[in-house]
Amino acid sequence: MGSSGGASSGSEHDREVKRKRRRMQSNRESARRSRLRKQKHLDDLTEQVSRLRNHNHEIVASLNVAANLCVSLEAENSILRAQIAELTRRLQSLNDIVMFINSTEVFETFLDVGDFNGFEDMF
């Protein structure tokens, strides 16, 4: 009995040792897979950071182009406004000249008619 109990406990001990080894091996494999997942996640994040930085540089470049265009358009707009003001003054001067010429022609027509009847009292 003593020998069969010892044999069974030895065999039980062997099974326990094998189970511990399998568990340790399984834990190692699980830890390895976990490290691989973490590394892949880190690589994915690093790649995403790189893509986002490139995209950010593109956006900044586009913004700079737009800002330069805006400055250029503001300068052009200022020039156009000055031209509008100058052309408006010229047009007003021409209108004044036309009105003067028209009023002079009316006065000359009035003088040419020579009919001062009724107007003599006015002078």
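These are my notebook entries on a predicted model of one protein chain.

**Ground rules**

My side-chain values use heavy atoms, with hydrogens and water left out.

**Entry 1: the overall fold**

I looked up the secondary structure and found one helix and zero strands in the protein chain. I take helices (H or I, at least four residues) and strands (E, at least two) as DSSP runs, numbered from the N terminus.

Next I asked myself how much of the chain is buried. Buried residues make up 0% of the 123 residues. Here buried means under 20% relative accessible area, exposed means over 50%, and partly exposed is in between (1.4 Å probe, protein chains only).

I also noted that the chain exposes about 11,400 Å², with carbon and sulfur atoms supplying 59% of that area. The areas come from the Shrake-Rupley method with a 1.4 Å probe, and for residues only the protein chains shown count as cover.

**Entry 2: salt bridges**

How many salt bridges does the structure hold? I find six, taking a salt bridge as a side-chain nitrogen of Lys or Arg within 4 Å of a carboxyl oxygen of Asp or Glu. Side chains of opposite charge can pair when their charged atoms come close.

- E16 and R19 pair at 2.5 Å, N to O. Both sit in helix α1, three residues apart, about one turn of the helix. E16 is partly exposed at 30% relative accessibility, and R19 is partly exposed at 43%.
- R32 and E29 pair at 2.4 Å, N to O. They are separated by about one helical turn because they are three residues apart in helix α1. R32 is partly exposed, at 37%, and so is E29, at 26%.
- D44 pairs with K40, with the closest N and O atoms 3.1 Å apart. These two are four residues apart in helix α1, so about one helical turn separates them. D44 counts as partly exposed, with a relative accessible area of 36%.
- E86, R89 and R90 are linked in a network of salt bridges.

**Entry 3: a nonpolar patch**

Which residues make the nonpolar surface patch? I list L94, I97, F100 and I101, and together they cover about 410 Å². Patches are made of residues with over 30% relative accessible area and no salt bridge; like charges are joined within 9 Å, and nonpolar side chains (Val, Leu, Ile, Met, Phe, Trp, Tyr) within 5 Å.

I followed up on I101, which lies in helix α1 (residues 2–113). I101 is partly exposed, with a relative accessible area of 40%.

Technical notes: Residues are numbered from 1 along each chain as its sequence is written. This is a predicted model: local features need pLDDT of at least 70, side-chain atom pairs count only at pLDDT 80 or more; totals for chains, interfaces and linings use all residues.
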